[in-house]
Structure formats: C-alpha cells, structure tokens
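Please consult the sequence and the structure shown below.

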Amino acid sequence: MIALSLAEIASVVGGQTHDIPDPSVQVTGPVVRDSREVRPGSLFVAFVGERVDGHDYAADVVAAGAAAVLASRPVGVPAIVVDDVQRALGALARHVVERLGATLVALTGSAGKTSTKDLIAQVLRRKAPTVFTPGSLNNEIGLPLTALSATGETRFLVLEMGARGIGHIRYLTELTPPRIGLVLNVGTAHIGEFGGREQIARAKGELVESLPADGAAILNADDPLVRAMASRTKARVLLFGESGEADVRAENVRLTAGGQPSFSLHTPSGCSDVTMRLYGEHHVSNALAAAAVAHELGMSADEIATALSEAGSLSRWRMEVTERPDGVTVVNDAYNANPESMRAALRALAAMGKGRRTWAVLGQMAELGDEALAEHDAVGRLAVRLNVGKLVAVGGREASWLQLGAYNEGSWGEESVHVSDAQAAIDLLRSQLRPGDVVLVKASRSVGLERVALALLDSGAEGEVSAR
Ligand SMILES: Nc1ncnc2c1ncn2[C@@H]1O[C@H](COP(=O)(O)OP(=O)(O)O)[C@@H](O)[C@H]1O
Ligand SMILES: [Mg+2]
C-alpha cells in the first residue's frame, strides 16, 4: 500500500483511534484480513465471521508487527474503531485508488472472469507494473484488499468483479471506479439467485454504467445481451469477438493438435498470429477481451500476440494439464463448468487425444434451470460424436442425463458409465487407466470433482505441470 499515517486512515474511514500512542505512525505493509499474512507495518482488518472473530487475533498481529487493527470495538492494542469494518475498508480503498494515478481496469461476466483477468495481467505487465486480483477474490472484501495492495509504482490495476444480485457491481465500482470496464458474457451462473438472464445482464451492465465519458467500455460483440450494453454507457465502446463488426477480432480460429487455440489477432493497429499455451477454444474469447484492453492501453498487435502466446494459467484447476511419469495425461478443469466450456473442454480433449485413449470424467453443470436436462443430454451426445473413448458420468440425476445422452447417441456397454460419486470414479480409473491415456475431469464447482484429478495425480507420483 502507499504509506498513510494512522491519523489519516482514521479520518478517511471516519473512525476513532484507540490505544494509539503515536497517530503519525505509518501503515506501509499490506492490508490483510488473515493474521498469517501480517507483515511489519501492516493494517490488520478484523472481521467477525461465523466461526472466527478477527478481534481475537489483535494482540498477536500487533506483536507480529502490524501497525494497527481496523476493528469494530477497542481491542487493547492500537486500533482504528469504526461501526462497519467492511464499509471502512471500502472507503480506504477508494481514497487510495484516487491517489494512485494508476489506470483501473475492471471486468465482469458469467464465465471466464478469472482466466481473462489473468490474461490481461500477463499482457499488461509487459508494458508497466500491474497489480491484479489474486485468484477469484472478486467480492466486497477481496476487491478493496486487492486495490490496497497497489503501490506508488503501480500503473495498471486489474480487478475482477463478481455479482450475485442487482447492485453488487455498482457497489464495487463505487469503491474502485474503473476507467476501462469489460463485460465478457451473460450466461447462466447464479441464474436462480438473479431470476433470469435479463436480470443478469442488468446486473453486469452496472459496470459500464459506472464508466466516465473518457473511459472505454469493452464489450463482447458475439453475445447479444452484452453487445446491447453499449446503450448504457457514456464511455467509448470497443467491441471484441469473432463477429465481423468487432474492433478486436480473431480470424482463422483452430485448435492445434495439443488442444490449444490458434488464430490471427486483428486490432485497429494491426494483425498478428497467436498460438496459446492455454487449452480449449473458450479461451479465444477471453484472449480477445484481454487484447482489447491492451489495445486500449496502447499496446501493438504484435506485443499483445506475443504476450497471449506466452501466457500460462495463473489460477488452478482450469484446464490444468499434468503429465504423469507413466504417460497418462490428466486435464483438471474441475474448477467449474457450463455447457459452453464443457463443449470446449471436450473438443480440446479430442484434439489432445488423437491416437490415444481418451476419458471424459464429467459431472453436473449446476444452475441451468429448465435447460438442465437438454444441456446434459447434449454434452453426453457430443462426447460420443467426438469419439471420446469413455465417458464416466459422476453423481446423481444430472450425471444420469449425461450418460443417457451418450447412450442414445450410439454409445453402449463399455463406452459410457454412470457412477455415484468421486470415489467410485477414482476406483474405476485406477483399475482401468493405461499408460498414454488422456483424462479430462470437469463439473461445476459444487461437485468438487478436482478430488478425482488430484487422486489420479497422487497415484501417478510427481509429474511435470505444464501451462500453469
Ligand atoms: N469465455 C468462457 N466462456 C464460457 N466458459 C468459460 C469461459 N472461460 C472460462 N470458462 C469456464 O469457466 C470455468 C471457470 O473459469 P474462470 O476463469 O474461473 O471464470 P469465473 O472467474 O468467471 O468463474 C472454467 O473452468 C471454464 O470451464
Ligand atoms: Mg473467478
């Protein structure tokens, strides 16, 4: 964080100082909510959680060098006491980003936020110091903590914004007002909580409504609900996608034999070829979104294409490919799933598995509402059409729909099987995998199918992890 005195912080957040002998002491270290991350000069933010009360750690964190605690009650050690710790944290983030002089880039969407944020960061940091959301910390606490980790040197601050309802994104944009706002797609994630796709579009579009007139709204030309957000912003609009009207677009999209997308990138400043290290066609859209942001910030098509071609996966369990010493390849995409990414992952599996035995270990895609049966059925059918060697459908009703889809498409007997849980899948795979096989593991987050991938890697000893 940029250095601020305790007195200044107290005034920014409207708090009372308690047990602070010297209010001119500066906070220089990171602002953290986890006591284990405290460093000398830190500000420790004490939240009261369901099981843990951060206030109980106050003495420890000060002993470990924290300058003070941001708290909701006095704690006997230096503290800035406020009514609402979360609001105070937000106010501090806002104050700090206003003083930073960095360009703020925010992105949202139903799927691909973390992957795209990681791509944007890997492109922009070639040009200037960049701070970005670690992992998926995209909510009202993770966002200000990320913003507060910026320093005086930071030129780009890239922030993932998540939403589970109307008003969430607006709140986040008030904490850290972006100049560049990117909306990836409007899918079905959390559709139950939102109550329909239009509502999701309304919520995600709050991002572009917040942009200033001299800002840029970067919108997916291929997604009609996102494209339509152009009318909701004062900012200049830049479109990305495969559509001909996109300012930043991909031509000649194909998958390499390894399952990695390759395309020629066109931006208003030129064109250049990209072959990604990431797996799966869904990353084309993510890469174009990242390219549009980088173009807006003055990077050339060549610079962007090189960065995209070298970018790896910074967050785990997203098409994470590991080679076991015995030659089995495990593709762990268990972080999440939706119909589009299931299709992309299966296509990548088919490409990687040419001449090898392929396995698709798939589980439920959650939150599909009325479309659930048809979508699971279609994925099961696609597995057969792509000649996947064996489909292992894991779990309850939705898994049986996957298997039935495969069965009806012409797979019978050994080619598709339905097992009740992750352990059964692990047992089956352990007994049947042979050297050289390729295994894809994918389902919605709630299924926790990464257990299967991790168990397979355990049994295969240490392997080399590529494209992390
Ligand atoms: N552009 C995309 N369209 C559809 N699905 C995607 C896209 N990018 C990633 N995904 C899928 O969503 C899962 C989660 O990706 P992630 O980047 O973590 O998204 P988010 O942060 O929005 O949850 C990935 O495992 C992948 O299956
Ligand atoms: Mg995420």
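## A buried pair

In this predicted model, Asp118 is buried, with a relative accessibility of 4%. Its salt-bridge partner is Lys117, and the closest N and O atoms of the two are 2.7 Å apart. Lys117 counts as buried because its relative accessible area is 0%, and the cut-off for burial is under 20%.

## A network of salt bridges

Salt bridges with shared partners connect Arg170, Glu206, Glu209 and Arg232 in one network. In total, the structure contains 22 salt bridges. Side chains of opposite charge can pair when their charged atoms come close.

Glu8 and Arg99 form a salt bridge in which the closest N and O atoms lie 2.8 Å apart.

Glu8 is partly exposed, at 28% relative accessibility. Arg99 is also partly exposed, with a relative accessible area of 44%.

## A pair within helix 3

Arg94 and Glu98 form a salt bridge, with 2.8 Å between the closest N and O atoms. Both residues lie in helix 3, where they are 4 residues apart, about one turn of the helix.

Glu98 counts as exposed because its relative accessibility is 55%, and the cut-off for exposure is over 50%. Arg94, with a relative accessible area of 33%, is partly exposed.

Methods:
Residues numbered from 1 in each chain as written. Chains lettered and ligands numbered in written order. Predicted model: local features only at pLDDT ≥ 70, side-chain atom pairs only at ≥ 80, totals over all residues. Heavy atoms only, no water. Salt bridge = Lys/Arg side-chain N within 4 Å of Asp/Glu carboxyl O. Buried < 20%, exposed > 50% of the residue type's maximum accessible area, 1.4 Å probe, protein only. Helix = DSSP H or I, 4+ residues; strand = E, 2+ residues; numbered from the N terminus.
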